[in-house]
Amino acid sequence: MDTPLLRLAGLDKRFGERAVFSGVDLDVKRGDRIAIIGASGSGKSTLLRCINFLEHPDAGRVILNGEPVGAERQRAGATGIRYDEGSLNRLRQRVGMVFQQFNLFPHMTALGNVMEGLVTVKRMARDDAARLGLAELARVGLADKAEAYPAHLSGGQKQRVAIARALAMEPEILLFDEPTSALDPALVGEVLDAIQTLAAEGRTMILVTHEIGFAYHMATRVLFLAEGGIYEQGTPDEVLKAPRRPLTQAFIAGHRRFSF
Amino acid sequence: MTYRWDFTPLLDNWQALAMGAVGTLRLFAVCLVLGLGFGLVVALARRSRWRAARWFSIGFIEFFRNTPVLVQILWFYFALPMLVPVEITPFTAAILGISLNSAAYSAEIYRAGIQSIEPGQWEAARAIGMSGLQTLRRIVLPQALRRVLPALTNRGIEIFKMTTLASVVAYIELLHQGRLIASLNFNPLEVYSVIGALFFLFLYPLVRATYALERRLARSD
Ligand SMILES: Nc1ncnc2c1ncn2[C@@H]1O[C@H](COP(=O)(O)OP(=O)(O)OP(=O)(O)O)[C@@H](O)[C@H]1O
Ligand SMILES: [Mg+2]
C-alpha cells in the first residue's frame, strides 16, 4: 500500500547546453492533488511533459505503480534507458493530459474527439465508445454539444471537451498544463469547476497553474519550481501563505500585489 | 479570306476520337492514382527515421522534378529496353514518365501539408496513447490532405494535360488521334479546336467535383 502511484527519481532534463532541472524527486500517492507553480521558464511544463514522455528525461526514472518506465541497457560502457514505443503508449493511457491550447482534433466533433482514444487505442466498438463518450461529455456538462465541431465551441467548452477526452481513457493520473491560461477570464470559472469536480471525486492530479487562489483551494501539496529543481514544497498553507525561502516569498508577493 | 468550317471529317472519324478519349482517360486514371499515391509514400519516406529512406526520398524528388517528362517518357520507351531485357509498351512508358514526375511534385505538396499541422495535434494524440502511425492516419493526414486539396487538384489537372505527351511514343490518346485526323483531312483548325474543347469538357467537371469535395470537408469549420 505504500508504493506511490507515481514516483520521479532523480529526473534531469536539458535542452542542448541549458539544464532545465536536475535531480527532481517526487512521490505522488493516489488521491494527491499537486499544484506546480513557478516563474515562466522555470520548467513546469517540461517537468509535466517528462511524466508522459512528450519530453524524454535525460536521466532519472519515472516509476508508475512501482514499475519503472523503460528498460536499462548498457551502451558503450554507460547505462542508458531504452523506451520502446509500445510501453510509452501504454503509460500514456494511464496518464491523461490536458493542454493549455486544448489541442482538440478540429476535424472531429466533440464526441469524435472523446471517442478517438477508445476506438483507436482501446479498440472499443463504436457504439460502446459513443455511449461512454457521451457520458464523459455529460460529466463536463457538454452532452448537448456532442455533434459540434471544435471551431463552433467557446474556449471554455473546448477545454472541457479536452478534459472529457482525457477522462475517457480512465487514466490513473491527470496532468493539467495551465488549463485556463488561454481562456477569456469569463470562461475560466467553468473549467476550474470541472477540475474541482474531479478533485472532489478523489482523482490524482498534477496541475501547473498561475491561478494561485485555485491552487490554494484545490491542491493537497504545492511545489514551487526555481533554480533548476523543486525549490520549495509543502501544504498550500505552508508554501502559499507562509513561504520560507526568498524566491518563493518574492513570487507569492508578486501574485498578491493586486489581490483585494 | 473567310474560312469555311467543316466538321464532317471529324464526325466521320468519331470512333477514332472516342478511342483517343478512352486512351486519355485510362492513362489519366492510372497516373492520377499512381502519381498521387506514390507521392504520399515518398513524402512519408522523407520523414522516416531511417536515413536510407530519407535519402531515397530526396534523391527521387530532385531527380524527377528536374528532368522533363517528355524526356523521361522517351527514355523509358527507347532507352530502358536497351539496358534491361524488358518490353515497354507506349502505355507503360507514359505511365512511368508521368506518374514518377507527379509523385515527385505531389510528395512536396504532402510534405508541406504534414509540416503545417501544429505539433500540439501530434502531442494530443500521443498523450492518449495513440502510436505514431495511428496519429498520422487518424489525426495528421486527414487535416493535412484537406489543406493541400487545392494544390493536389492542380497536380491532377497537370496530370490530365500531361497525358498528351504520350503521343510522342504513339500512344493512342486524344491528341494522337487528332493529329492523325488532321493530317489525313488537312483540317487542323477544326481538329485542334475540338481537341482543346474536349479537354476542357473532361477537366472542368472534375475540377468542379473537387470544389464540392472541398466544401464538404469544410463542414467542420
Ligand atoms: N523544445 C524545447 N527546446 C528548447 N528549449 C526548450 C524547449 N521547451 C522548453 N525549453 C526551455 O526550457 C525552459 C523551461 O521551459 P518550460 O516551458 O518548461 O517553462 P514553464 O515553467 O512551463 O514556463 P511557462 O510558465 O512560460 O509556461 C525554458 O527556458 C524554455 O525556453
Ligand atoms: Mg509552461
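Tutor: In this predicted model, three helices each supply at least two residues to the lining of the largest pocket: helix 2 (85–94) of chain A, and helix 6 (119–127) and helix 7 (132–162) of chain B. The volume of this largest pocket is about 750 Å³. Its lining comprises 22 residues, and those closest to the centre are A:Glu85, B:Arg49, B:Trp122, B:Arg126 and B:Gly132. Sorted by class, the lining holds 10 nonpolar, five polar and seven charged residues.

Helix 7 of chain B also takes part in the second largest pocket, where helix 2 (14–46), helix 7 and helix 9 (188–217) of chain B each give two or more residues to the lining. The volume here is about 260 Å³. Of the 15 lining residues, B:Phe28, B:Leu32, B:Thr153, B:Gly156 and B:Thr210 lie nearest the centre. The lining of this second largest pocket has 11 nonpolar and four polar residues, but no charged residues.

Let us now turn to the chain to which helix 7 belongs. Chain B contains nine helices and zero strands. Its C-alpha trace spans about 75 × 50 × 30 Å along the principal axes.

Consider next how helix 7 of chain B meets helix 2 of chain B. Their axes come within 11 Å and cross at roughly 140 degrees. An angle must be over 145 degrees to count as roughly antiparallel, and the two helices are therefore oblique to each other. The crossing of helix 2 and helix 7 of chain B is right-handed. On the side of helix 2, the residues in contact include B:Phe28, B:Leu32 and B:Leu36, while those of helix 7 include B:Leu152, B:Gly156 and B:Ile159. This contact has 12 nonpolar, two polar and one charged residues.

Helix 7 of chain B has another neighbour in helix 5 (residues 90–115) of chain B, which packs against helix 7 at an angle of about 155 degrees with the axes 9 Å apart. Angles over 145 degrees count as roughly antiparallel, and helix 5 and helix 7 of chain B are therefore described in that way. The crossing of helix 5 with helix 7 of chain B is right-handed. Among the residues of helix 5 in this contact are B:Ile98, B:Tyr105, B:Ile109 and B:Tyr110, and helix 7 contributes residues including B:Leu141, B:Ala144, B:Val148 and B:Leu152. By class, the contact between helix 5 and helix 7 of chain B has 14 nonpolar, four polar and one charged residues.

The contact of helix 2 with helix 3 of chain B comprises eight nonpolar, one polar and two charged residues.

Notes. Residues are numbered from 1 along each chain as its sequence is written. Chains are lettered from A and ligands numbered from 1 in the order in which they are written. This is a predicted model: local features need pLDDT of at least 70, side-chain atom pairs count only at pLDDT 80 or more; totals for chains, interfaces and linings use all residues. Side-chain values use heavy atoms; hydrogens and water are left out. On a 1 Å grid over the protein atoms alone, a cavity is a set of points where a 1.4 Å probe fits but cannot get out, and a pocket is an open set with protein on both sides within 12 Å along at least five of seven lines; lining residues have an atom within 4 Å of a point. Grid points are joined across faces, edges and corners, and a volume is the space filled by probe spheres set on the points. Helices (H or I, at least four residues) and strands (E, at least two) are DSSP runs, numbered from the N terminus. Ala, Val, Leu, Ile, Met, Phe, Trp, Tyr, Cys and Pro count as nonpolar, Asp, Glu, Lys and Arg as charged, and the others, Gly among them, as polar. Axes are lines fitted to C-alpha atoms, for helices over the stretch in contact, and angles run from 0 to 180 degrees between N-to-C directions. Angles under 35 degrees count as roughly parallel, over 145 as roughly antiparallel, 65 to 115 as roughly perpendicular and the rest as oblique. A crossing is left-handed if the near helix is turned anticlockwise from the far one by less than a right angle, and right-handed if clockwise. Contact means heavy atoms within 4.5 Å.
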